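Please read it alongside the sequence and the structure shown here.

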Amino acid sequence: MMMNFTLSNQVQIPAVGIGTFMMTPDQAEQAVVDALACGYRMIDTAQAYMNERAVGRGIKRSGVAREDIFISTKIWASQYLTEGTVEKSLELLGTDYIDLMFIHQPAGDFMAGYRKLETVAIRPMVNQIEFHPGQMQEETVSYCKDHNIIVEAWSPLGTGRMLSNEMLKSIAA
């Protein structure tokens, strides 16, 4: 069984999940099926990844009940002001709810995206940042801790760069 964290609204979020960044739709669909078969219960995608529909297909193919899967996706910067952007993700994913919606990159009028979430009384609970031994972001992590915001690493191994780190190699040995 995988470890969970508890968000400030008491929702449980799995500590480990699979991300679908840089995956083609076919790769994302199969990765979701395989990850769920291996026991993963968190799937991360985004509007900008162009694979939300494939993620939804993978979830359906997996046979795992929707309520047992934690889905996160992200509103892309060009969509912050677009009406129906959240509904479009719901449609593509083939689900009637998303467990966690991120503001994807603080670019453009990202406060418009935040206001979209505020209308349903959502406050920040998770900050997905590049975080790994080569980029610790101590100030951001401290701020998040002080405000009861969970830090989620989108690149825990530095997109592979940290695999040659001698300390990590010794820990893994």
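## Terms and basis

Contact here means heavy atoms within 4.5 Å, while helices (H or I, at least four residues) and strands (E, at least two) are DSSP runs, numbered from the N terminus. The model is a predicted one, in which local features need pLDDT of at least 70 and side-chain atom pairs count only at pLDDT 80 or more, whereas totals for chains, interfaces and linings use all residues. Residues are numbered from 1 along each chain as its sequence is written, and side-chain values use heavy atoms, with hydrogens and water left out.

Just after helix 2, Gly63 adopts a positive phi of about 80 degrees.

## Packing of helix 2 on helix 3

Two packed helices are described by the angle between their axes and the distance between the axes. For helix 2 (residues 52–62) and helix 3 (residues 85–93), the axes come within 7 Å and cross at roughly 40 degrees. That makes helix 2 oblique to helix 3, given that angles under 35 degrees count as roughly parallel, over 145 as roughly antiparallel, 65 to 115 as roughly perpendicular and the rest as oblique. The axes are lines fitted to C-alpha atoms, for helices over the stretch in contact, and the angles run from 0 to 180 degrees between N-to-C directions.

On the helix 2 side, Glu52, Arg53, Val55, Gly56 and Lys60 meet Ser89, Leu92 and Leu93 of helix 3. The residues of this contact divide into three nonpolar, two polar and three charged; in this scheme Ala, Val, Leu, Ile, Met, Phe, Trp, Tyr, Cys and Pro count as nonpolar, Asp, Glu, Lys and Arg as charged, and the others, Gly among them, as polar.

## Salt bridges

A salt bridge is a side-chain nitrogen of Lys or Arg within 4 Å of a carboxyl oxygen of Asp or Glu, and by this rule the count comes to six. One of them joins the side chains of Arg57 and Glu29 at 2.8 Å, N to O. Arg57 lies in helix 2 and Glu29 in helix 1, so this pair ties together parts that are 28 residues apart in sequence. Arg57 is partly exposed, with a relative accessible area of 34%, whereas Glu29 is buried at 12%.

Arg61 is partly exposed, with a relative accessible area of 46%. A further salt bridge, between the side chains of Arg66 and Asp99, spans 2.9 Å, N to O. This pair links distant parts of the chain, with Arg66 in the loop between helix 2 and strand 5 and Asp99 in the loop between helix 3 and strand 6 (100–103), 33 residues apart. Arg66 counts as buried at 15% relative accessibility, while Asp99 counts as partly exposed at 26%. Salt bridges that share partners join Glu29, Arg57 and Arg61 into one network.

Note on methods. Buried < 20%, exposed > 50% of the residue type's maximum accessible area, 1.4 Å probe, protein only.
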